Amino acid sequence: MVQAAFASNRGVVGKSGHFALDLGGDPFARSLMPHDHDHPHALLPPDPALRVKALETLLERKGLIDPAALDEIIDTYSHKVGPQNGAKVVAKAWVDQDFRDLLLRDATAAVSNLGFYGRQGEHVVAVENTPARHNLVVCTLCSCYPWPLLGIPPAWYKSDAYRARVVREPRAVLSEFGVELPPDVKIRVWDSTAEIRYLVIPRRPDDTEGWSEEALARIVTRNAMVGTALVEVPA
Ligand code: FE
């Protein structure tokens, strides 16, 4: 109805069933309206990498950023920070009861002891999966995530679909990730904030008795630490 009203007013109905208003020469206004997609979006940068480089050059010339510091940040997030850090934490919690207790009591302190701290890792809370409860992490507002432990969040974590659906139908979302939980297992969804970042401590697989911490760390995946996977022993 709304579309029809608009269409009869100033707009035209496109081939795809979308419509486009005649907004004159204002390309920004046009970009905000639903419209036909037969044409390229001139407002999108032709090459995002090129624009990033241009911005970097500009900021450097203005003395607003230090290129060496930028290289250090890129190196950190490309090589030093990632799910391998969280996996070490989980493996340690599996073999070291005292560490597990500290992790559940004060995760920020526990992971700092292992050298994992920094931006987006200031307030970490660890939540442990048990036979009765499975934990699942989301940031319904945006994409808050424990960077020092898991690195940069994957695209699905930031997607509207995950953020909205995981709260309403966590079991269905888990099923789409290939996780089928018994009906009596309760699912607890934790909503991250700018203040608190969650780390899921997955359940240790049964047939890993006697494994070293290093071997255990190798089977702990990023998704398992967000709650969208279970840890399994590779066949
Ligand atoms: Fe967020």
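Which residues have the most contacts inside the largest nonpolar core? In this predicted model, they are Val89, Val90, Leu199, Val200, Val220 and Met225. The core holds 39 residues. Helix H5, spanning residues 83–95, gives the most to this core, with 6 residues. In soluble globular proteins, nonpolar side chains tend to be buried together.

Val90 shows how such contacts run between parts of the chain that are apart in sequence. Residues up to four places away are not counted here. On that basis, Val90 touches Ile201, Pro202, Val220 and Met225. Two of these partners, Val220 and Met225, are also listed with Val90 among the residues with the most contacts in the core.

Asn223 lies in helix H13, which covers residues 222–226. Asn223 is classed as buried because 21 C-beta neighbours fall inside 10 Å, and the cut-off for a buried residue is 20 or more. With neighbours within four places in sequence set aside, Asn223 is in contact with Phe177, Thr228 and Ala229. Leu150 is 73 residues from Asn223 in sequence, yet the C-alpha to C-alpha separation of the two is 9.5 Å.

Gln120 is set in a loop. This loop joins helix H7 (107–113) to strand S3 (124–128). Gln120 is buried too, because 20 other C-beta atoms lie within 10 Å. The backbone of Gln120 has a positive phi of about 65 degrees, although Gln120 is not a glycine. Most residues other than glycine have a negative phi.

Technical notes
Residues numbered from 1 in each chain as written. Predicted model: local features only at pLDDT ≥ 70, side-chain atom pairs only at ≥ 80, totals over all residues. Helix = DSSP H or I, 4+ residues; strand = E, 2+ residues; numbered from the N terminus. Buried ≥ 20, exposed ≤ 12 C-beta atoms within 10 Å, placed from the backbone. Core = buried A, V, L, I, M, F, W, Y, C linked by C-beta atoms within 7 Å. Contact = placed C-beta atoms within 7 Å.
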